Amino acid sequence: MNPPLFISWKRYQRRSDVLAEALGAELVWRPHRATSKVLRPSDYLAHSREDLALIRSRRPSFVVAQAQPHLSALAPHRAKVPYVVDAHNGQFQSWWRKVPGTERILRGARLVLTHNREADVLAREAFPGLRTLVVHDPLRPIAPAAPRDWVFVVASAAADEPMDVLFDAIEEAAEITFATTAPLHRLPEPLRQRAAALPNLIGLGFLDLPDYEAALAGARAVVVLTDRDACQPSGACEALSAGRPLVLSRTNTTTNLFGGFATLVANESAALADGVRAAVRPDPTIPDRIAAVREAWIRRTALELEQVRSAVAAEVAR
């Protein structure tokens with residue numbers, strides 16, 4: 001039986017990377033060529049053609065396609081190859097759920113993977129009867145690195161990240177140095193100017209994966225912010241993988257998943273600044289707390305992945 005393919009229409013996304021590895025799938029990245037969203041449909045068409053040609057040549061046992069966009073599953077759907085959709089929250093929390101063809105492609109999947117219980121509820125509410133399975137991000141250990149005197153901010157300047165709150169907190173916690181690989185140049189001009197004026201914020205720019213992991217693993221603490229419900233931030237999983245103290249936006253989802261070791265804060269500048277100060281203070285209990293959460297996470301994810309393999313194997317055997 002030929003190995004599966006994992007198709008991700010991204011330059012890089014950690015969940016796709018670790019999930020493909022855990023499933024023994026060959027990972028295919030399809031970064032966008034068009035810089036303008038107006039021209040993005042041309043990318044979707046080109047990606048679909050390339051994916052279809054690849055599937056026909058490799059004849060994989062099954063395909064995993066990251067969504068959104070759900071169009072990444074169009075090629076296996078047309079090729080009549082069993083496929084699984086790894087559905088990120090935006091597939092159900094944005095206009096993507098209403099795009100023509102969405103329901104047909106999602107219901108054609110053997111499974112639609114959601115990231116946590118809350119996201120699973122959203123998927124089933126949007127598409128009643130959809131065959132879903134919760135699969136949390138698999139953890140891949142991040143090696144210890146040389147200590148750096150900074151707090152590492154995991155951010156992508158996405159719409160759900162309150163960057164204004166972050167910059168307020170960085171300004172308030174002037175005694176602490178922060179570093180980030182966030183694409184600060186993509187921010188609106190007022191926020192770009194604020195970032196440039198902060199003396200205790202280091203913009204690292206894009207880093208290759210080994211350098212990125214070293215920057216995170218050597219940090220005094222890791223900060224991850226979101227204002228989106230049902231979001232399981234990849235950056236929080238990275239902090240868990242690296243065994244680093246974590247400061248994280250408080251939601252029901254983040255409390256359930258990371259409350260055993262993270263410093264959970266409201267998306268307010270004073271709360272965030274105080275949370276960072278608390279996270280960088282020595283705490284002899286934090287290594288054991290992180291280890292306990294990590295062990296439980298690994299056990300749960302192993303069971304979830306086995307359910308994926310079993311479901312696909314049963315379908316392929318028909």
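Modeller: Let us begin with a pair of helices: the axes of helix 7 (residues 163-172) and helix 12 (residues 269-280) come within 8 Å and cross at roughly 55°. This is a predicted model, in which local features need pLDDT of at least 70 and side-chain atom pairs count only at pLDDT 80 or more, while totals for chains, interfaces and linings use all residues. Residues are numbered from 1 along each chain as its sequence is written, and side-chain values use heavy atoms, with hydrogens and water left out.

Colleague: Why are helix 7 and helix 12 called oblique to each other?

Modeller: Angles under 35 degrees count as roughly parallel, over 145 as roughly antiparallel, 65 to 115 as roughly perpendicular and the rest as oblique. The axes cross at roughly 55°, and helix 7 and helix 12 are therefore oblique to each other.

Colleague: Which residues make the contact between helix 7 and helix 12?

Modeller: Taking contact to mean heavy atoms within 4.5 Å, helix 7 contributes Val165, Leu166, Asp168, Ala169 and Glu172, and helix 12 contributes Ser269, Ala270, Leu272, Ala273 and Arg277.

Colleague: What makes helix 7 and helix 8 roughly parallel?

Modeller: The axes of helix 7 and helix 8 (residues 189-197) come within 11 Å and cross at roughly 25°, so by the cut-off for that word the two helices are roughly parallel to each other. Their contact is made by Met163, Asp164, Phe167, Asp168 and Glu171 of helix 7, together with Leu191, Arg194 and Ala195 of helix 8.

Colleague: How do you know that Cys231 and Cys237 are too far apart for a bond?

Modeller: A disulfide is a pair of cysteine sulfur atoms within 2.5 Å, whereas the sulfur of Cys231 is 9.7 Å from the closest cysteine sulfur, which belongs to Cys237. By this rule the count comes to 0 disulfides.

Colleague: And are these cysteines, Cys231 and Cys237, buried or exposed?

Modeller: Buried means under 20% relative accessible area, exposed means over 50%, and partly exposed lies in between, using a 1.4 Å probe and protein chains only. Cys231 has 13% relative accessibility and therefore counts as buried, and Cys237, with a relative accessible area of 5%, is buried as well.

Colleague: Why does Leu54 count as buried?

Modeller: Leu54, which has its place in helix 2 (residues 40-58), counts as buried because its relative accessibility is 15%. Leaving aside neighbours within four places in sequence, Leu54 is in contact with Leu5, Val28, Arg30 and Arg59. The C-alpha atoms of Leu54 and Leu5 are separated by 9.4 Å, although these residues are 49 residues apart along the chain.

Key
Axes are lines fitted to C-alpha atoms, for helices over the stretch in contact, and angles run from 0 to 180 degrees between N-to-C directions. Helices (H or I, at least four residues) and strands (E, at least two) are DSSP runs, numbered from the N terminus.
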